[in-house]
Amino acid sequence: MLQKTATTSTQEITFNDFKKEVLNDYKIAKISRECSLLGRREVLTGKAKFGIFGDGKEVPQLAMAKAFKKGDFRSGYYRDQTFMMAIGELTAQQFFAGLYAHTDIKADPMSAGRQMGGHFATHSLNEDGSWKDLTKQYNSSSDISPTAGQMPRLLGLAQASKIYRNEKSVQHKTNFSNKGNEVAWGTIGNASTSEGLFFETINAAGVLQVPMVMSVWDDEYGISVHAKYQTTKESISEILKGFQRDNKNKGYEIFVINGWDYVQLTDVYQKAAKIAREEHVPVLIHVKELTQPQGHSTSGSHERYKDKNRLQWEKDHDCITKMRKWILEFELETETGEILRFIDSEEELILLEKEAKKEVTSAKRNAWNAYLNEIKEELSTAAKILESVSSKSENGTFINKYKNDLLAIIEPTRKDVLSASRKCLRYLKDENFPEKIELQNFIKSATESAYQKYSSHLLSETDLSTSNIIERKPTYTQEKNIVDARIIMRDNFDAVLKKHPDVVIFGEDAGFIGDVNQGLEGLQDKYGDIRISDTGIREATILGQGIGLAMRGLRPIAEIQYLDYLLYALQIMSDDLATLRYRTFGKQKAPLIIRTRGHRLEGIWHAGSPMGGIINHVRGIHVLVPRNMTIAAGFYNTLLEGDDPGLVIECLNGYRLKEELPTNLGDFKTPIGVVDTVKQGTDITVVSYGSTLRIIEDVAKDLAQVDIHIELIDAQSLLPFDVNHDCVKSLAKTNKLIIVDEDLPGGASAYILQEIVENQNGYQYLDSKPTTLTAKQHRTAYGTDGDYFSKPSAEDIFEKIYEIMHESNPNKFKSLY
């Protein structure tokens, strides 16, 4: 059984301890390499779908592991298997369980088979969804595949240490930080440093001066593309020299080191950790002269794009080969003249290598058997049921063939088992006997079980789920206190900051001026520039900050100034935040709240409402569209009581409108997923949200003058939508439906239409065609007239609803045109 790689320190150790450490490290490296070699074979033989491995990067990862302490966080990419093994958080058997996509979280603790191999995570949560003590364990935030996608989150993981060290209001949260002494460790391949997310994060970390150590594994290629096509000067450390700190300016400490030099790597990583941990200065370590012995992945071979000289160089400079040579040649003469060696003969090293290979072979076999035996048990159950069914059915011959074909599969999948069972059920459609019911129940049970294996944990399934938060209505004084709506937002945030000391709010212009609409006016002066802070113009890393901070126990509210700008961060929202709980099988969470504002402004880039694009990319995040600031404030209060991430889109043209100021600020809660029937009516159900809804409220008065009485429903929440099915209850009364919004055709309105007509079975109540009224295909043209002719106007809404009523009753509602 391997031990975690020892942590080298300034404290003197005996030579025997040093020898033990070196040989243990070498064995970890060999085990990792064998996993890579055997892993590739498993993919090529068809046992696994795809493989991407960490071979060639083993030795620098050993050095990184020595400097990594409990409480630290990793945010890396898919080649860090040696590091995970070195800190004791990945075994060879777990490595193969992930490769085979074993759906048991105990077998594959990284993702329960939901991610391809090479994507690593530790468990931050207990079974009930509460936090573990993160200071007493090694932490790895869950990896994602998109290149450089791990960078924005890294910024927040590092910034959390700075906040815990300097902000008194959160220093009691000792299960998340030990006085801010934790380092966030990032890793990336050299080619991926070409991504904008890398540069955006590097710049932001330098500005914020956070304890981050960034390792670049440089093997000179990005798949088949050489570094000369990737990076100016073919060197990331060269072009980042301007970030190097000096006596006058804060910045980075930058190290450049060869990836095969075990001794120098160990020394550099200890220095880097000390700088980051003690001084809160970011560090870049450019690890050069690394290799990729099997090429980029199992999708191809590097012999196609590397010439013979390069292939020979890689063989000679393989980091494990170099480490082996150093171990064999190492000699140290003591003061007494004694010669100290790691090994007395090469045979000792050969024996160690054989042990490593044997361990990996055994681990692979055990992982495969554990994975396969589960499925074989299910197959056996299905075969017995099919045997019974075939003996009773008139179509027994056909069913028996399916059963025999199933039993003949040597390495079955769950798909094989369930597919055969469902096909056999077709032959029984005209028959009834107990065995048929048994088959039906087997299929139902397998499908239900599949939900837990493949579809659970998109959102919180614990008592902390926002769906469990009970509505609490705003309360008011007897004499109405009418204010600008922004005051409600500002005063509610004030109450929130008092109530929740772990809340931090940040974004462009959020700090000093209190955001562009003054919803945070004066709060930085009151709570300080750590809890209310400005950021640069960098939406992706604003989101990343929020994710990392939320993963470390803070409750961040990340502000993206306008809804259109959210597109800069949509990839991070979609690939990282929205999938985090799902891809870790509920073992990590980031209850980040994203604040933005949109709808009904002016021009192509400041008046878009790309809701369809957003809601179809961020399943796993609540998307909330309040029509006024009181409802919006209630959503913030609700989200802070739960542990799901949420996006709140405030109405940009609503801050100066008048609303009544509640007396229970910070406490009233808007329920998530519940619609609000704004106006009762009998003729037609109208569903909308946001700023457009206010236009419809005015139109309703005009419609009433022609004896059309609409039932107006505010969606309020798009993800989830109408969990109580109030829309279909309205439809049962009116029998007509129109959905109005300012998104493009086929966007949010189409989504709402599907929810009501299909998922709520609203079709059965319709006596006319359900209709959507949306913006035009293009973005909004500039100016008042541009808005009028690009988005649904009051006249458009009136005439569309009138047209539906005309179709229903042409004698009463004469055609307008």
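This briefing describes the pockets, cavities, helix packing, sheets and backbone details of one structure.

The structure is a predicted model, in which local features need pLDDT of at least 70 and side-chain atom pairs count only at pLDDT 80 or more, while totals for chains, interfaces and linings use all residues. Residues are numbered from 1 along each chain as its sequence is written, and side-chain values use heavy atoms, with hydrogens and water left out. Helices (H or I, at least four residues) and strands (E, at least two) are DSSP runs numbered from the N terminus.

**Pocket and cavities**

- Both kinds of space are found on a 1 Å grid over the protein atoms alone: a cavity is a set of points where a 1.4 Å probe fits but cannot get out, a pocket is an open set with protein on both sides within 12 Å along at least five of seven lines, and lining residues have an atom within 4 Å of a point.
- Grid points are joined across faces, edges and corners, and a volume is the space filled by probe spheres set on the points.
- The largest pocket holds about 560 Å³ of space, and of the 26 residues that line this pocket, Lys49, Tyr100, Ala101, Tyr371 and Thr413 are the closest to its centre.
- Helix H4 (92-100), helix H11 (346-392) and helix H13 (414-426) each give at least two residues to the lining of the largest pocket, and H11 provides the largest share, four residues.
- The lining of the largest pocket comprises 13 nonpolar, seven polar and six charged residues, where Ala, Val, Leu, Ile, Met, Phe, Trp, Tyr, Cys and Pro count as nonpolar, Asp, Glu, Lys and Arg as charged, and the others, Gly among them, as polar.
- There are five cavities of 30 Å³ or more, and the largest cavity has about 80 Å³ of space.
- Of the 13 residues lining the largest cavity, Gly98, Asp108, Met110, Gly117 and Gly118 lie nearest its centre, and the lining as a whole has five nonpolar, seven polar and one charged residues.
- The second largest cavity holds about 50 Å³, and its lining divides into six nonpolar, one polar and two charged residues, including Leu458, Arg581, Lys589 and Gly620.

**Packing of H13 on H14**

- H13, which also contributes to the lining of the largest pocket, packs with helix H14 (residues 434-454) at an angle of about 145 degrees, with the axes 10 Å apart; axes are lines fitted to C-alpha atoms, for helices over the stretch in contact, and angles run from 0 to 180 degrees between N-to-C directions.
- On the H13 side Arg414, Val417, Leu418, Ser421, Arg422 and Leu425 take part in the contact (heavy atoms within 4.5 Å), and the residues that they meet in H14 include Leu439, Phe442, Ile443 and Tyr454.
- The residues of this contact between H13 and H14 divide into eight nonpolar, three polar and four charged.

**Seven-stranded sheet**

- Seven strands make up an open sheet of mixed pairing, in the order E13-E12-E14-E15-E17-E16-E22, where two strands pair if DSSP finds at least two bridges between them.
- Strand E13 (532-534) and strand E22 (717-719) are at the edges with a single partner strand each, so one side of each has no neighbour in the sheet.
- On average, neighbouring strands of this sheet are turned by 20 degrees against each other, direction ignored.
- Three bridges pair strand E12 (residues 503-507) with E13 in the parallel sense, and Phe506 has Ser533 in E13 as its bridge partner.
- Helix H21 (residues 629-641) packs on the sheet and touches E12, strand E14 (555-559), strand E15 (593-598), strand E16 (622-624) and strand E17 (646-651), its direction making about 165 degrees with that of E17.

**Six-stranded sheet**

- Six strands form an open sheet with parallel pairing, in the order E2-E1-E3-E4-E8-E7.
- Strand E2 (139-140) and strand E7 (253-258) each have a single partner strand and stand at the edges, so one side of each is left without a neighbour in the sheet.
- Strand E1 (residues 73-75) runs parallel to strand E3 (residues 184-189), joined by three bridges, and Phe73 stands opposite Ala184 in E3.
- Helix H2 (residues 58-67) lies across E3, strand E4 (212-217) and strand E8 (283-288) at about 170 degrees to E4, and helix H6 (residues 196-208) lies across E3, E4 and E8 at about 150 degrees to E4.

**Backbone details**

- Most residues other than glycine have a negative phi, and most peptide bonds are trans.
- The peptide bond from Leu719 to Pro720 is cis, with omega near 0 degrees, and Pro720 is placed in the loop between E22 and helix H23 (726-734).
- Gln518, a residue other than glycine, has a positive phi near 65 degrees and lies in the loop between E12 and helix H16 (523-527).
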